[in-house]
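User: I would like to go through the labels attached to this model one by one. For each of them, please set the value against the cut-off before concluding.

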Amino acid sequence: NRSVCSGTSMATPHVSGSVALITEWWRGENNGADPSPAMVKALLVNSATDMGTANIPNNAEGWGRVNVSQAISPTVTTLYWDQETTFGASGNQWTAAAYPADTDEPMKVSLVWTDPPGPGNGGTSAAWVNDLDLRLSKSGTTWRGNQFSNGWSASGGTADTKNNVENVFLQ
């Protein structure tokens, strides 16, 4: 069987080239070290540009169009943590304090991890091993990863239990 999708023929080479540029940039910034696959994915997702109506994520464009310039030369202050913390048991937590350097600019936080194959198929049995959850809190308001409305994070909601990519995007 063969599947054909219109309009996506250039996506794969575009993303592949972007990954090569991101890897080259990362090595230059990190003493020759390679970025983890999860870091590359986080950079691609976090720097993506919504392609129209503010409604990401969605089935037509995912997190948006790759914007390699924004990934390797961001216009805002950017912090990176690439596999610096290892969790040894269920319930472990990692916390970081982060504040927007410019409150006139959006704040985007991405959590991405590489997960080994799980025991199930994603239906009633988990297809993943680890379920990490992104949560941002400020002054009694909590935003959880992947709770979006009109392209921006909505407060409240429940933790995402299905994805190894979680984002909070605040205007």
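**Labels and their cut-offs**

User: Why is P100 called partly exposed?

Analyst: P100 has a relative accessible area of 39%, and the scale calls a residue buried under 20%, exposed over 50% and partly exposed in between, with a 1.4 Å probe and protein chains only; P100 is therefore partly exposed. The residue is found in the loop between α3 and β1, where helices (H or I, at least four residues) and strands (E, at least two) are DSSP runs numbered from the N terminus. Its C-alpha atom is separated by 19 Å from that of N146, 46 residues away along the chain.

User: Before we go on, what is the basis of these values?

Analyst: The model is predicted, with local features needing pLDDT of at least 70 and side-chain atom pairs counting only at pLDDT 80 or more, while totals for chains, interfaces and linings use all residues. Residues are numbered from 1 along each chain as its sequence is written, and side-chain values use heavy atoms, with hydrogens and water left out.

User: How do you know that D34 and R27 form a salt bridge?

Analyst: The closest N and O atoms of D34 and R27 are 2.5 Å apart, and the definition asks for a side-chain nitrogen of Lys or Arg within 4 Å of a carboxyl oxygen of Asp or Glu, so the pair qualifies as a salt bridge. The structure holds one salt bridge. R27 itself, at 39% relative accessibility, counts as partly exposed.

User: What makes the nonpolar surface patch around W81?

Analyst: The patch, about 430 Å² in area, is made by L79, W81, F87 and W94. Patch residues need over 30% relative accessible area and no salt bridge, with nonpolar side chains (Val, Leu, Ile, Met, Phe, Trp, Tyr) joined within 5 Å and like charges within 9 Å. W81, with a relative accessible area of 41%, is partly exposed, so its area passes the patch limit of over 30%. W81 is found in the loop between α3 (68–72) and β1 (107–112).

User: Which residues make up the largest nonpolar core, and what makes it a core?

Analyst: The ten residues are I22, W25, W26, M39, V40, L43, L44, V66, V68 and A71. Helices α1 (11–29), α2 (37–46) and α3 each supply at least two residues of this core, and its largest share, four residues, comes from α2. Another core, of nine residues, lies apart from it, with A42, I56, V112 and F169 among them. The term covers buried Ala, Val, Leu, Ile, Met, Phe, Trp, Tyr and Cys residues joined through side-chain atoms within 4.5 Å. In soluble globular proteins, nonpolar side chains tend to be buried together.

User: Why is α2 said to be largely enclosed by the rest of the structure?

Analyst: Seven of the ten residues of α2 are buried, so the helix is largely enclosed; they are A38, M39, V40, A42, L43, L44 and V45. Their cover includes α1, α3, β1 and β5 (165–170). As for A71, leaving aside neighbours within four places in sequence, this residue is in contact (heavy atoms within 4.5 Å) with I22, W25, L43, S47 and Y80.

User: How do you know that β3 pairs with β2 and with β4?

Analyst: Pairing requires that DSSP finds at least two bridges between two strands. Strand β2 (135–138) and β3 are joined antiparallel over four bridges, with S137 opposite T142, whereas β3 (141–149) and β4 (152–155) are joined antiparallel over two, with S149 bridged to W152; both pairs therefore meet the requirement.

User: What stands out in the backbone of the turns and loops?

Analyst: Two residues separate β2 from β3 in a hairpin, where S139 has a positive phi of about 50°; S139 is exposed at 71% relative accessible area. The hairpin of β3 and β4 likewise has two residues between its strands, N150 having a positive phi of about 55°. Q83, although not a glycine, has a positive phi of about 50°, and at 62% relative accessibility Q83 counts as exposed. The peptide bond from I56 to P57 is cis, with omega near -10°, and P57 is placed in the loop between α2 and α3.

Conventions. Areas by Shrake-Rupley, 256 points an atom, 1.4 Å probe, with all protein chains shown as cover.
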